[in-house]
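Here are my notes on the two-chain model you passed along. Have it open while you go through them.

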Amino acid sequence: MSGVTAAIDSLGLEIIIPALLLLVAVLPFLLNANRNQALGLLAAPFLLALGLGYLKYQADHTAAASEGELLRATPAQVRLSPDADPGNAYTSSQTCRACHPGEYDSWHKSYHRTMTQLAKPDAVLAKWHGTELPLGQARLHLEKKGDEYWVTTVGADGIKQAVQRLTMTTGSHHLQVYWVGDKAGNMQHPFPYGWLIADQKWAPVEDTFLRSPHGAPVDAKWNKVCIECHSVAGKAAVSMTRQGQTARTEVAELGISCEACHGPAREHIAHFQNPFNRYTGRDEAKAAHGIKNPDTGKMDHRKSAQVCGQCHSYQFTPNPPKRLAQGPSFLPGGDLNAAANAVAVQPSKFTGAPPKSQAEARQFAASHGHPHPGGEWLTDRFWPDGMVRVTGREYNGLLDSPCFQRGKMSCLSCHSMHDYHDRNDQLAPRMETNAACTQCHEDIRENLTAHTKHAANSAGSSCYNCHMPHTTYGLLSAIRSHQIDSPSVAAQLKTGRVNACNLCHINQSLSWTNEHLAEWYKHKPAELNTESKRISSVLEMLLKGDAGQRAIAAWHMGWEPARQASGGDWQAGWLLRTLNDPYSAVRYIAHKALQADPRLAKAEFDYAAPLAKRTTQIQKTRTDWEKQLPEQTGVAQQIELLIDGQGKPIEAEARRLEAKRNNRPMTLQE
Amino acid sequence: MSKQKPTRRERSEQQTQIPPAKPAATAPARLPEELRHFRFGWWSLFVFVCLGVLLEAFLAFRVGWYMDTGANETHRLMLRLGHAHGTLLSLMNIAFAAGLARMNLDGAVRQLVSRCLTAATLLVPGGFILGGLVTHGAEPGLGIILLPVGALFLLVALFKLARGVR
């Protein structure tokens with residue numbers, strides 16, 4: 001049938017056949033019509049049909065040419081045709097839709113689908129047309145022409161330096177970044193700005209990650225970096241030519257679609273095209289013929305978690321060029337570490353310094369299955385005890401969780417790809433509540449307050465808040481850790497990761513936590529230095545911590561449960577100071593936290609603007625804030641919060657602690 | 001002389017005798033449109049039911065050309081609409097033929113309605129089917145142009161029919 005369709009499309013039959021049918025329909029009317037009537041009968045519908053047809057044909061051809069150009073410039077769906085690659089067992093989500101419309105629909109609404117899209121009107125979220133953005137001395141002029149998105153680089157002298165078409169988009173939830181295709185192949189180069197969806201604002205791509213302000217500009221190619229997780233079965237095929245790097249990248253499908261989790265489906269589809277096989281395959285064991293179902297009822301929880309872990313983990317790649325050429329070889333149901341040409345790292349098993357000699361390196365590789373990834377690689381991505389500190393790598397956290405190690409917990413214990421009630425986190429029904437934990441920990445459900453020591457419906461009785469606090473960073477926010485853990489002062493002293501108690505009781509010091517954990521849970525009190533005994537733990541981290549710690553501390557100052565537990569009228573002064581942080585991501589988070597204070601809800605701050613503009617904005621906000629402060633009434637200063645009686649930060653204390661800040665350049669890039 | 005009464009058997013035979021046939025009444029002349037629409041209606045019904053069976057087979061065997069609809073459903077929707085409209089219009093042709101003798105339509109009206117109905121039966125489902133065989137993204141193919149033309153013929157037929165019935 002597709003041959004018939006192609007013939008109609010290509011031979012102009014799309015116009016000729018309707019015209020003939022129209023002729024047949026009007027023929028009877030000609031039998032007793034006079035000459036003029038006959039001519040009118042013949043001419044009018046034909047002229048109408050041809051006129052409309054011509055207009056539509058022109059429009060279609062223009063659209064088709066535009067679409068064809070877009071497809072040629074991207075890796076979109078190159079491998080979908082089995083004629084081009086007989087070994088290709090992937091078929092695309094469209095073929096799944098026919099039999100699984102419900103699952104297709106739930107996937108279609110998810111952010112997984114829209115992770116990578118062709119740059120078309122339904123994909124591009126940014127305010128594009130007419131926007132001007134600075135780029136060094138030059139400027140970028142953005143235009144939308146029909147369904148096409150274009151960017152013109154205009155030099156300081158007003159001369160056009162380049163005119164490029166936008167080809168692909170990444171992300172559709174918090175942030176959207178853009179790619180410009182390469183004329184020589186299908187290499188995707190980054191557009192220098194990203195679109196902050198909630199803010200409806202542009203920001204330089206560098207400022208959408210937590211990166212050192214002195215780091216090199218982002219120049220990651222989609223084909224080399226994003227392809228593995230933002231498409232299905234991608235093969236980068238990047239090579240060096242005289243013109244530089246070129247790509248002949250192939251993917252089964254852009255975005256994360258059905259076959260990323262269920263495996264290639266050609267055999268499954270061929271089998272179930274036969275109605276008899278569909279009838280006999282009604283029982284679940286046979287229904288999965290040729291594909292995998294990561295549901296933990298049907299797959300071991302470890303392998304189920306690996307399906308998500310193929311993307312949601314930090315992996316170490318022993319042979320990057322090979323992986324780049326062939327793509328990851330993991331298929332759902334397989335062993336991630338054995339098949340993926342990479343190893344999901346578990347740094348809790350090797351948090352020590354990198355090997356110092358060849359012999360030590362060999363010994364390390366033999367015992368861990370991969371070489372040591374390097375000290376910096378580890379410290380930028382993991383807390384010193386091996387807990388992952390960047391979001392999107394939840395599988396690394398799960399690996400070290402007792403519920404996974406000793407129980408049967410997998411990602412799908414709480415999340416559901418097809419039965420979620422909110423596409424933000426894709427949690428299964430009721431999994432946003434304590435039911436997530438009490439589905440196994442039944443004893444705690446019965447005696448909740450005895451365990452939590454907090455009121456039953458309070459934030460302190462939420463399992464998530466104590467055992468999965470927001471200690472990972474990503475997407476200009478703090479995100480819940482996916483390593484199930486319990487609050488521990490000792491762990492905080494060892495790692496610098498603020499414990500869950502102090503992330504809610506942000507006005508309390510570690511000695512307060514020490515006392516409560518000792519009293520309630522029989523923890524052995526940890527030895528504390530003078531500052532930790534005296535000063536709010538979160539405030540100490542905001543002043544002394546590294547950029548990642550500062551981001552998390554600032555975020556919690558705006559977190560509503562923390563403001564309710566700790567008061568909401570003392571954070572503004574500290575957050576105003578944090579608007580001067582050298583890391584743009586920390587400034588962004590501090591601004592959002594500042595807006596949680598009703599007095600400063602409308603405070604304007606362009607976190608990525610030049611210093612002069614930022615300083616002016618900070619000064620204005622500070623003035624507005626100070627006008628609303630109470631007069632000095634002799635109220636005692638709050639020493640654990642380092643504020644005076646009026647609520648202003650005690651500058652001398654602030655400077656003293658900032659002098660001890662961990663200024664190690666770091667990158668937390670999800 | 002007594003008149004002999006007929007026996008019971010003779011009476012019974014007399015009662016069951018078929019009365020002599022009256023001279024045959026002349027059958028009303030069949031209208032030319034009647035036969036034409038019966039033939040056209042049944043044949044087109046056959047064709048559109050065949051199309052329905054074909055679409056069913058595509059569904060049963062999950063034929064990719066029909067089932068893998070891409071990001072839009074236009075392709076399948078057009079073919080299904082073609083099948084449904086074709087079948088209904090075929091039945092309308094049969095009903096028209098069956099009722100023609102009782103409608104007392106004026107000759108010119110009858111001829112016009114017949115031609116319009118025939119044209120509509122070709123163009124409405126034809127437009128849908130041709131529009132579904134080739135699609136341009138979410139838009140149907142050029143054949144869909146036949147649809148409004150066919151719809152116009154159908155409206156004329158129905159209007160003239162409604163006005164002309166006596």
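The points below cover the ground rules, the interface, chain B, the cysteines and one lysine.

1. Ground rules. This is a predicted model, so local features need pLDDT of at least 70, side-chain atom pairs count only at pLDDT 80 or more, and totals for chains, interfaces and linings use all residues. Residues are numbered from 1 along each chain as its sequence is written, chains are lettered from A in the order in which they are written, and side-chain values use heavy atoms, with hydrogens and water left out.

2. Interface size. Chain A and chain B bury about 3,000 Å² between them, and 71% of that sits on carbon and sulfur atoms. Buried area here is the accessible area (1.4 Å probe) that two parts lose on being put together, summed over both. As for who takes part, 34 residues come from chain A and 36 residues from chain B, where contact means heavy atoms within 4.5 Å.

3. Polar links across it. Three residue pairs are in polar contact between chain A and chain B, both partners at pLDDT 80 or more. A polar contact is a pair of N or O atoms within 3.5 Å; within protein, one must be able to donate a hydrogen and the other to accept it, and residues adjacent in sequence count only if both atoms are side-chain atoms. The salt bridge count between the two chains is zero (a side-chain nitrogen of Lys or Arg within 4 Å of a carboxyl oxygen of Asp or Glu).

4. Chain B. You'll find six helices and two strands there, running α-α-α-α-α-β-β-α from the N terminus on. These are DSSP runs numbered from the N terminus: helices are H or I with at least four residues, strands are E with at least two. Of its 166 residues, 46% count as buried, that is, under 20% relative accessible area, with exposed over 50% and partly exposed in between (1.4 Å probe, protein chains only).

5. Cysteines. Cys99(A) is partly exposed, at 34% relative accessibility.

6. Lys544(A). Is this lysine buried or exposed? Lys544(A) is buried, at 18% relative accessible area, and lies in helix α26 (residues 537-544) of chain A. Its side chain makes a polar contact with the side chain of Glu531(A) at 2.8 Å. Leaving out residues up to four places away in sequence, Lys544(A) touches Glu531(A), Leu657(A), Lys660(A), Arg661(A) and Asn662(A).
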